[in-house]
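Visitor: I am new to this structure. Could you show me how to read its features, one at a time?

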Amino acid sequence: MNTPNTVMSVLVVDDESGMRSFLKKALSRTFSLVETAGSVEEAEQLRSRCHFDLLIVDINLPGRDGIEWHEALDEDTRRSDVIFMTGFADMDTAIRALRAGASDFILKPFRLDQMMQSVQRCVERRVLRRENLLLKREIAQSHPHTIIGKSANIVEMKNVIRRVAATSSVVLIEGESGTGKELVARSLHQLSNRNGAFVPVNCGAIAPELLESELFGHVADAFAGGRNGREGLFSFANGGTIFLDEIGEMPMQMQMALLRVLEQRTIRPVGSEKEIPVNVRVLAATNRELMAEVEAGRFRRDLFYRLNVLNIVIPPLRERPDDVVDLVHHFTRQLATELGVREVTWSHEDLLVMQRYDWPGNIRELRNMVERCLLLGKPPAEYWRSQIEPVVEMVAVGEAGYPSQMALKEVERLHVLKVIEEHKGNKSAAARVLGVSRKTLDRKFKEWGLVE
């Protein structure tokens, strides 16, 4: 038998010593650990010392029925695959075995290849489950919804998210376009332990006359033309979270309907007279100044106060330059995997320029820049020279006073020395501010011919 994974363990429980010896010899070619027991008591002693991936259990054991023993096992052991075998079978016994979670049911006497084929199927299923579990863990660890950043304002925002995620309160998420408002909403949902789905809705992307039907659904014949009834997005989000992005674009009539939903926790499909209760957490987001919209008469004051129970303001990228390097590396790894291309190497000069750039499109612009470099395979420095460096150079000249004809490497040298001076010669502290290691600074000093 060719098994894809031999690092597995099996326990054979049978009161016949000949059967135990026979199976141990055959299974030792496949499993890294094979143990045998002649009774339930011996099996329990072995189980207390080791987890077994597969149990091969005779049903007719002295003192205790094998199926009964397996049903009484704790939840952790019940995750082991089990093959029952017996020489006295009837339909009721087979049904009991299957209900107890048996992977297979084999009659004695059996041929060795029959048992090994059953074992092979169990091994393949177990390997597949392990691979799926590892894949899920990898996805979770490199989850695209992870909020990247260590700057003070982002750390504070993460703390707020953790504090309020488990509540059912409405949260208003504010920030410029491209700052990651949906990312914050997904984080709130993921940390909330709500069992339902996360349903994002762009209120500005749905025609005003269709928005009510999209959100609340409609009954059959609610519209001309005999359209079939359908559930709305609030129904799909039942037990979970609905994220109303661009809430400032919502028509006034729908604002009133949304206010009723928030107050009564019920929805009314278009064309229906029945109120349907829903358990949905509402998160809203906007890049507008909603209070200004209220004063201008474009947004309901009562809805604004109902939404503004707690607001989370996402800082623009220009206010968190310390996070740019981490974001660049994160998107480089993520996008290279998604696109199936090689990662690019970002020089120190590239990263310095990126930190000085204002990023008017925020994180969305940064991600698009990384994706473009990966797709074109162009050296990052070449991209910067043609796209962003001229903008950064103008800003740097005005603020730092460096002559425009000065090379970027010289600007870097002067900047590093200035930061070290500000930290009274403490290179370790300066390295932390600059986002590099102490070894990198020492190497730079050697390159510049500077002696401590």
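Predicted model: local features only at pLDDT ≥ 70, side-chain atom pairs only at ≥ 80, totals over all residues.

Visitor: At what angle do the axes of H14 and H15 cross?

Guide: Roughly 120°. The axes of H14 (residues 324–339) and H15 (residues 348–356) come within 9 Å. The crossing is right-handed.

Visitor: How do H9 and H11 cross?

Guide: Look at the angle again. The axes of H9 (residues 208–216) and H11 (residues 252–264) come within 10 Å and cross at roughly 20°. Angles under 35 degrees count as roughly parallel, so H9 is roughly parallel to H11. This crossing is right-handed.

Visitor: Which residues make the contact between H9 and H11?

Guide: H9 brings Leu211, Glu212, Leu215 and Phe216. H11 brings Met254, Ala257 and Val261. By class, that contact has six nonpolar residues, no polar ones and one charged residue.

Visitor: Now a single helix. Which residues of H1 are buried?

Guide: Buried means under 20% relative accessible area. In H1 (residues 17–27), Met19, Arg20, Leu23, Ala26 and Leu27 are buried. Look down the axis of H1: these buried residues fall within an arc of 140°, so they line one face of the helix.

Visitor: Which residues are exposed on the other side of H1?

Guide: Ser21 and Lys25.

Visitor: Where do the buried residues of H5 sit around its axis?

Guide: First, name them. In H5 (residues 91–99), they are Thr93, Ala94 and Ala97. They cover an arc of only 100° around the axis, which puts them on the same side of H5. The face turned away from that buried side carries the exposed residues Met91, Asp92 and Arg99.

Visitor: What covers the buried residues of H5?

Guide: The cover includes helix H3 (66–71), strand E4 (81–86) and strand E5 (104–107). Then look past the helix. H5 is followed by Gly101, and the phi of Gly101 is positive, near 95°.

Visitor: Let us turn to single residues. Why does Glu293 count as buried?

Guide: Compare its accessibility with the cut-off of under 20%. Glu293 has 9% relative accessibility, so Glu293 counts as buried. Glu293 is found in helix H12 (residues 290–295).

Visitor: Which residues is Glu293 in contact with?

Guide: Leave aside its neighbours within four places in sequence. Then Glu293 is in contact with Arg288, Arg298 and Phe299.

Visitor: Where does Val278 lie?

Guide: In the loop between strand E12 (276–277) and strand E13 (281–286). At 11% relative accessibility, Val278 counts as buried.

Visitor: Which residues does Val278 touch?

Guide: Again, set aside residues up to four places away in sequence. Val278 touches Phe234, Asn238, Arg265, Thr266 and Ile267. Take Ile267 from that list. Val278 and Ile267 are eleven residues apart in sequence and 7.0 Å apart in space, C-alpha to C-alpha.

Visitor: Step back to the protein chain. How many helices and strands does the chain have?

Guide: 21 helices and 14 strands. The chain has 452 residues, and buried residues make up 44% of them.

Visitor: What share of the contacts joins residues 24 or more positions apart?

Guide: Count the contacts with a separation of 6 or more. Residues 24 or more positions apart account for 69% of those.

Technical notes:
Residues numbered from 1 in each chain as written. Heavy atoms only, no water. Buried < 20%, exposed > 50% of the residue type's maximum accessible area, 1.4 Å probe, protein only. Helix = DSSP H or I, 4+ residues; strand = E, 2+ residues; numbered from the N terminus. Arc of directions from axis to C-beta. Axes fitted to C-alpha atoms, helices over the stretch in contact; angles between N-to-C directions. Parallel < 35°, antiparallel > 145°, perpendicular 65-115°, else oblique. Left-handed = near helix turned anticlockwise from the far one by under 90°. Contact = heavy atoms within 4.5 Å. Nonpolar A, V, L, I, M, F, W, Y, C, P; charged D, E, K, R; others polar.
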